[in-house]
Amino acid sequence: MGEFHHNLDEKSRLIIPSKFRNELGEKAIITKGLDKCLFVYSESEWNKLVQKVSNLQFTKKNVRAFERSFIGGASLIEFDKQGRINITSPLVHYANINKECVIIGVNERLEIWSLEEFNNYMKENEDNLSEMAEDIFDASYEA
């Protein structure tokens, strides 16, 4: 958990805070996330996720489309001595990252957002937070 702001440099490198690097390990996986952000997983979390996806029926069109985007668009990343990762051009374009980024910890993953996309998303959803919490927690208590 946590929120950090860093800039993407001219070589598409981004500093990942040491707090997150320690949790991810030496290598991690970055891919297209949902809502126009990027997801970053440790190798062990990524392997769990891929196992779940591999159990889905590939004959379904939505499953194939998800696999192509989510798994096909993924890259192995390693941290340099300054704690930076290199984000591939397709991922930079997907997330509309120009320079300013927001890096947040969300359960088992990191999310990397362009500052603009993050602010837009938060603004669009701030009024619905109470309703979302009510729906999520009411449903979990009924189970």
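## Side-chain contacts in a predicted model

Lysine 48 and glutamate 45 form a salt bridge in which the closest N and O atoms are 3.2 Å apart. The structure described here is a predicted model. Both lysine 48 and glutamate 45 belong to helix H2, which spans residues 43–54. The two residues are three positions apart, about one turn of the helix.

### Salt bridges

The count of salt bridges in the model comes to six. One of them joins the side chains of aspartate 9 and arginine 84, with an N to O distance of 4.0 Å. This pair links distant parts of the chain, for its two residues are 75 residues apart. Aspartate 9 lies in the loop between strand E1 (2–7) and strand E2 (13–15), whereas arginine 84 lies in strand E6 (residues 84–86). Are aspartate 9 and arginine 84 buried or exposed? Both aspartate 9 and arginine 84 are buried.

A further salt bridge is made by the side chains of arginine 109 and glutamate 108, at 3.4 Å from N to O. Arginine 109 has a relative accessibility of 19% and so counts as buried, the limit being under 20%. Glutamate 108, with a relative accessible area of 35%, is partly exposed. Salt bridges that share partners also join Asp9, Arg13, Asp80 and Arg84 into one network.

| Salt bridge | N to O distance |
|---|---|
| Lysine 48 and glutamate 45 | 3.2 Å |
| Arginine 109 and glutamate 108 | 3.4 Å |
| Aspartate 9 and arginine 84 | 4.0 Å |

### Aromatic side chains

How many aromatic pairs does the structure hold? The structure holds nine aromatic pairs. Among them is the pair of tyrosine 41 and phenylalanine 70, which is edge-to-face. The ring centres of tyrosine 41 and phenylalanine 70 are 6.3 Å apart, and the angle between the planes is 75°. This pair links distant parts of the chain: tyrosine 41 is in strand E4 (residues 38–42) and phenylalanine 70 is in helix H3 (residues 61–71), 29 residues apart. Tyrosine 41 is buried, with a relative accessible area of 4%. Phenylalanine 70 likewise counts as buried, at 5% relative accessibility.

Phenylalanine 70 also pairs with phenylalanine 66, and this aromatic pair is stacked. For phenylalanine 66 and phenylalanine 70, the centre to centre distance is 4.9 Å and the planes are 15° apart. Phenylalanine 66 and phenylalanine 70 are four residues apart in helix H3 and are therefore separated by about one helical turn. Phenylalanine 66 counts as partly exposed, at 34% relative accessibility. Phenylalanine 66, phenylalanine 70 and tyrosine 41 belong to one aromatic cluster, which also includes Phe39 and Trp46.

### Charged side chains over rings

Arginine 109 lies over the face of phenylalanine 39, at 4.4 Å from the ring centre. Lysine 36 lies over the face of tyrosine 94, at 4.8 Å from the ring centre.

### Cysteines

The structure holds zero disulfides. A disulfide is a covalent bond between the sulfur atoms of two cysteines.

### A surface patch and a loop residue

Leu129, Met132, Ile136 and Phe137 make a nonpolar surface patch of about 410 Å². Phenylalanine 137, one of these residues, is placed in helix H6 (residues 129–142).

Proline 17 lies in the loop between E2 and helix H1 (18–24). At 8% relative accessibility, proline 17 counts as buried. The C-alpha atoms of proline 17 and glutamate 124 are separated by 27 Å, and the two residues are 107 residues apart along the chain.

Methods
Residues numbered from 1 in each chain as written. Predicted model: local features only at pLDDT ≥ 70, side-chain atom pairs only at ≥ 80, totals over all residues. Heavy atoms only, no water. Patch = residues over 30% accessible without salt bridge, like charges linked within 9 Å, V, L, I, M, F, W, Y side chains within 5 Å. Areas by Shrake-Rupley, 256 points an atom, 1.4 Å probe, with all protein chains shown as cover. Buried < 20%, exposed > 50% of the residue type's maximum accessible area, 1.4 Å probe, protein only. Disulfide = S-S within 2.5 Å. Phe/Tyr/Trp six-rings, centres within 6.5 Å; stacked < 30°, edge-to-face > 60°. Lys NZ or Arg CZ within 6 Å of the ring centre and 35° of its normal.
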